[in-house]
Amino acid sequence: MTAPTFPMFVSVEDARHLLARLLPVKGEETVPLAAALGRTLAQDVAALVSHPSATESALDGIACREADTLAAPVTLQVVGESRAGQPFGAQVQTGECIRIYTGAPLCPGTDAICPIEQLADVDAHHVRLLRPASRGDVRPEGGDFHTGEVVLKAGLPLTPSRLALVAALGHAEVQVKARLSVALLSTGDEVVAPGTPLQPGQVYDSNSVGLSALLQECGCEVVALGHAPDRPDALKAMLREAGGADLLLTSGGVSMGRYDFMRDLLVEHGEVEFWKIRMRPGGPAILGRWNGLPVFGLPGNPVSSLVVFQVIVKPALTGQPLRTLRLKAGTPFKALPDKTAFWRATVLNGEVHEYARQGSGVLRSLSDADALVIVPEGQAVQAGESVEALLL
């Protein structure tokens with residue numbers, strides 16, 4: 001390989017920025033909620049209704065006038081009931097109450113609730129309150145949101161809870177950014193499909209499974225190219241198949257070895273934006289273009305591949321920053337002199353602890369870990385100190 005004419009050993013932030021810069025700006029489309037998981041809101045979402053749509057009870061019990069119960073224990077006359085979808089429509093007078101159930105509307109003349117646990121039936125038409133009723137158990141109309149209120153802002157990713165909120169706002173569909181199309185290719189002579197007999201030195205293709213799932217979580221359209229052996233002609237053929245995608249994501253063939261042909265193809269026949277990132281795991285990643293198609297080459301090691309996706313690729317695809325929080329370190333976390341470290345860790349009792357086996361070949365560590373602890377270059381973390389963690 002000739003002397004490089006492109007940046008090498010870029011920072012994590014620069015790698016993320018350079019990848020995002022190569023991705024096309026997509027338009028907008030309207031999709032049903034069932035197809036919106038992981039997509040990014042293109043417009044603000046306002047409430048078409050108020051929630052609750054009426055003043056309602058937060059629990060099972062009786063609805064009455066608070067003033068009638070201040071001298072509890074007291075006995076009130078039961079004049080009806082209100083349940084979800086079937087409210088009691090008449091006016092409740094002094095000394096009266098209605099039976100009410102969670103989510104049911106209050107009726108005129110009532111302003112408080114007494115829970116069923118604080119009631120004693122006197123007869124079929126009277127009930128005794130053992131303590132005063134409370135207005136705190138009343139959910140006011142519009143207490144969650146009001147008609148016309150903007151509840152979700154454009155740019156937010158649609159998580160399951162946000163999709164549920166969109167439905168509660170009254171929308172059956174939502175305006176989102178059009179999906180990025182990502183072609184996915186795994187490489188390597190040693191890589192074979194799961195379920196087939198495994199020969200010595202071979203490994204099952206876990207990268208394509210994990211990366212495809214992560215791409216789907218990002219709301220991307222995944223174009224599965226399958227697997228290519230370590231041959232330049234086979235890789236070139238696969239690169240041609242990816243021509244219609246917005247991004248080609250590969251795993252393997254990007255390090256320093258003799259058979260790292262993906263690296264060689266980009267360096268010698270394509271365009272390279274950078275090679276290698278100052279991070280561990282995942283340092284050998286490469287970004288470039290092949291006939292105008294953006295190509296991000298991930299390391300073949302599954303741990304490195306999945307960590308680089310979480311830290312670099314996902315924020316670039318979604319436009320969302322890393323969601324991290326500060327936790328107390330329960331164990332020390334060492335620093336590297338020239339790389340940002342992303343150590344796998346577990347969270348216990350509000351503290352984050354280093355996972356025992358940090359080798360990049362220990363794939364189960366990502367399954368066992370709760371977080372990646374971020375240790376900047378040269379800044380070791382001692383037990384008891386605050387540390388930044390990316391939850392997995």
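Is C64 buried or exposed?

Tutor: This is a predicted model, and C64 is buried in it, with a relative accessible area of 0%. The closest cysteine sulfur to that of C64 belongs to C97 and lies 6.4 Å away, which is too far for a bond. A disulfide requires the two sulfur atoms to be within 2.5 Å. C218 is likewise counted as buried, at 7% relative accessibility. Its closest cysteine sulfur is that of C220, at 5.4 Å, again too far for a bond. The structure as a whole holds zero disulfides.

From the cysteines we may turn to the sheet. Seven strands make up an open sheet with mixed pairing, and their order is β1-β19-β21-β22-β18-β14-β17. The edge positions belong to β1 (8–10) and β17 (221–228); each has a single partner strand, so one side of each is left without a neighbour in the sheet. From one strand to the next, the twist averages 30°.

Helix α1 (residues 12–22) lies across β1, β18 (247–251), β19 (271–277), β21 (286–290) and β22 (293–298), and runs at about 155° to β19. Helix α6 (residues 302–318) lies across β14, β18, β19 and β22, with an angle of about 150° to β22.

The largest nonpolar core has 39 residues, of which I277, F296, I312 and L317 touch the most other members. Two or more residues come from each of α1, β14, α3 (206–217), β18, β19, β22, α6 and β26. The helix α6 gives the most to this core, namely ten residues. For I277, leaving aside residues up to four places away in sequence, the residues touched are V10, S11, V12, A15, G283, A285, F296 and I312. There is also a second, separate core of 23 residues, which includes A245, L265, V272 and L293.

A further set of strand pairings involves β24. Strand β24 (residues 340–348) runs parallel to β20 (residues 279–280), and two bridges join them. One of the pairs between them sets M279 against T340, its bridge partner in β24. Strand β24 is also joined by five bridges to β26 (residues 371–375), which runs antiparallel to it; there F342 stands opposite I374. The pairing of β24 with β25 (residues 351–354) is antiparallel as well and contains four bridges, with A345 opposite E354. Strands β24 and β25 form a hairpin with two residues between them, and N349 in the turn has a positive phi of about 55°.

Notes
Residues are numbered from 1 along each chain as its sequence is written. This is a predicted model: local features need pLDDT of at least 70, side-chain atom pairs count only at pLDDT 80 or more; totals for chains, interfaces and linings use all residues. Side-chain values use heavy atoms; hydrogens and water are left out. Buried means under 20% relative accessible area, exposed over 50%, partly exposed in between (1.4 Å probe, protein chains only). Two strands pair if DSSP finds at least two bridges between them. Axes are lines fitted to C-alpha atoms, for helices over the stretch in contact, and angles run from 0 to 180 degrees between N-to-C directions. Contact means heavy atoms within 4.5 Å. A nonpolar core is a set of buried Ala, Val, Leu, Ile, Met, Phe, Trp, Tyr and Cys residues joined through side-chain atoms within 4.5 Å.
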